[in-house]
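Work through the exercises below with the sequence and the coordinates open. Each task is followed by a solution in steps.

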Amino acid sequence: MPGEDISQALEAARALQESRIATILTQLGENVTDASEAEAVTRHYLQVLERVEEQKLDAAISVKLTQLGLDLDADGCLANVQRLVERAKELGNFLWIDMEGTAYTNATLQLYRRMRAQHPNVGVCLQSYLYRTEKDLADLLPLAPAIRLVKGAYNEPPELAYPRKKDVDENFFRLAQRLLDPEVRKAGTRAGFATHDLRLIQKIEQVAHELGLPKQSVEFQLLYGIQRPEQVRLAQAGYRVRVLISYGSQWFPWFMRRLAERPANLTFVMRNLFSG
């Protein structure tokens, strides 16, 4: 994190843009317990969109549905997302819907389908560690979706998710190949490959090269401060690169929940921090 405040996040986004790296901004927090909290988060993101426009930044936003009231009122959450997507569209911007634990997968995908039927400027995250994701992707493709493909960071039982990293990685690559398919891309599907795994990045680069895809049409997404040299390398090579910048005062409870759910998250962070 560059800091807790949105101004610090915007400053970091501006610095990255000088290196031809775009950004995605997300305020940490989830599972709000009051409708007024969800309203405040919605207003905050509306203000972020305005500030991004004022500063001429190439920066989209990413939201968690439980932060917009999904636990309280599905229709109210939908209305909040609608406000954000519509304002983003007016400003020529984009909204990503993050994916949370499997308790929310169906509701998230249902809401995304409703949004995508009305607006082209909205995408959703899919997690390669879930068995179901291959089918979820196939079901979404007729919508010409925007997909942010990640491995997944929540602790899920083995009956729902691949327990072995090797299997998660293999599924990520299978899904990436599907998203790189020329017919899928021709239909309008957009993909962001969100991984810091250098081996996977190289394999995706190789597939894109073999398919003759322009580098500018292939998008990689990474976290702020993680694999910084790789971010620069990809951008200089001509690929589209977006860095996810998290900010907000809720970083400590968010971080502790992620560690409690999946201690391997700490290993991942420490390894990448010290590898550059």
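The exercises that follow concern a predicted model.

**Exercise 1. Helix α9**

Task: Determine which residues of helix α9 are buried, how they are placed around the axis, and what covers them.

Solution: 
- Step 1. Helix α9 spans residues 228–237, and its buried residues are Glu-230, Gln-231, Leu-234 and Ala-235.
- Step 2. These residues cover an arc of only 135° around the axis, so they sit on the same side of α9.
- Step 3. Just after α9 comes Gly-238, with a positive phi of about 110°.

**Exercise 2. Salt bridges between separate elements**

Task: Find the salt-bridge partners of Arg-233 and Glu-219, and classify each residue as buried or partly exposed.

Solution: 
- Step 1. Side chains of opposite charge can pair when their charged atoms come close.
- Step 2. Arg-233 meets Glu-205 in a salt bridge, at 2.8 Å from N to O.
- Step 3. This pair links distant parts of the chain, since Arg-233 belongs to helix α9 and Glu-205 to helix α8, 28 residues apart.
- Step 4. With a relative accessible area of 32%, Arg-233 is partly exposed, whereas Glu-205 is buried at 12%.
- Step 5. Glu-219 is bridged to Arg-240, with an N to O distance of 3.1 Å.
- Step 6. Glu-219 lies in strand β7 and Arg-240 in strand β8, so this bridge ties together parts 21 residues apart in sequence.
- Step 7. Glu-219 has a relative accessible area of 1% and is therefore buried, the limit being under 20%. Arg-240, at 29%, counts as partly exposed.

**Exercise 3. Gln-127**

Task: Locate Gln-127, decide whether it is buried or exposed, and list its contacts beyond four places in sequence.

Solution: 
- Step 1. Gln-127 is part of strand β4, residues 122–127.
- Step 2. Its relative accessible area is 3%, so Gln-127 is buried.
- Step 3. A polar atom of the Gln-127 side chain lies 3.4 Å from the backbone oxygen of Glu-100.
- Step 4. Apart from neighbours within four places in sequence, the contacts of Gln-127 are Met-99, Glu-100, Thr-133, Val-150, Lys-151, Gly-152 and Tyr-154.

**Exercise 4. Nonpolar cores**

Task: Which members of the largest nonpolar core touch the most other members, and what does Leu-25 touch?

Solution: 
- Step 1. The largest nonpolar core has 78 residues, among which Leu-25, Val-81, Ile-97, Phe-193 and Phe-220 touch the most other members.
- Step 2. Not counting residues up to four places away in sequence, Leu-25 touches residues including Ile-6, Leu-10, Tyr-45, Val-52, Ile-61 and Ile-245.
- Step 3. A second, separate core has 6 residues, including Tyr-129, Tyr-154, Ala-161 and Val-168.

Key. Residues are numbered from 1 along each chain as its sequence is written. This is a predicted model: local features need pLDDT of at least 70, side-chain atom pairs count only at pLDDT 80 or more; totals for chains, interfaces and linings use all residues. Side-chain values use heavy atoms; hydrogens and water are left out. Helices (H or I, at least four residues) and strands (E, at least two) are DSSP runs, numbered from the N terminus. Buried means under 20% relative accessible area, exposed over 50%, partly exposed in between (1.4 Å probe, protein chains only). A polar contact is a pair of N or O atoms within 3.5 Å; within protein, one must be able to donate a hydrogen and the other to accept it, and residues adjacent in sequence count only if both atoms are side-chain atoms. Contact means heavy atoms within 4.5 Å. The arc is that of the directions from the helix axis to the C-beta atoms. A nonpolar core is a set of buried Ala, Val, Leu, Ile, Met, Phe, Trp, Tyr and Cys residues joined through side-chain atoms within 4.5 Å. A salt bridge is a side-chain nitrogen of Lys or Arg within 4 Å of a carboxyl oxygen of Asp or Glu.
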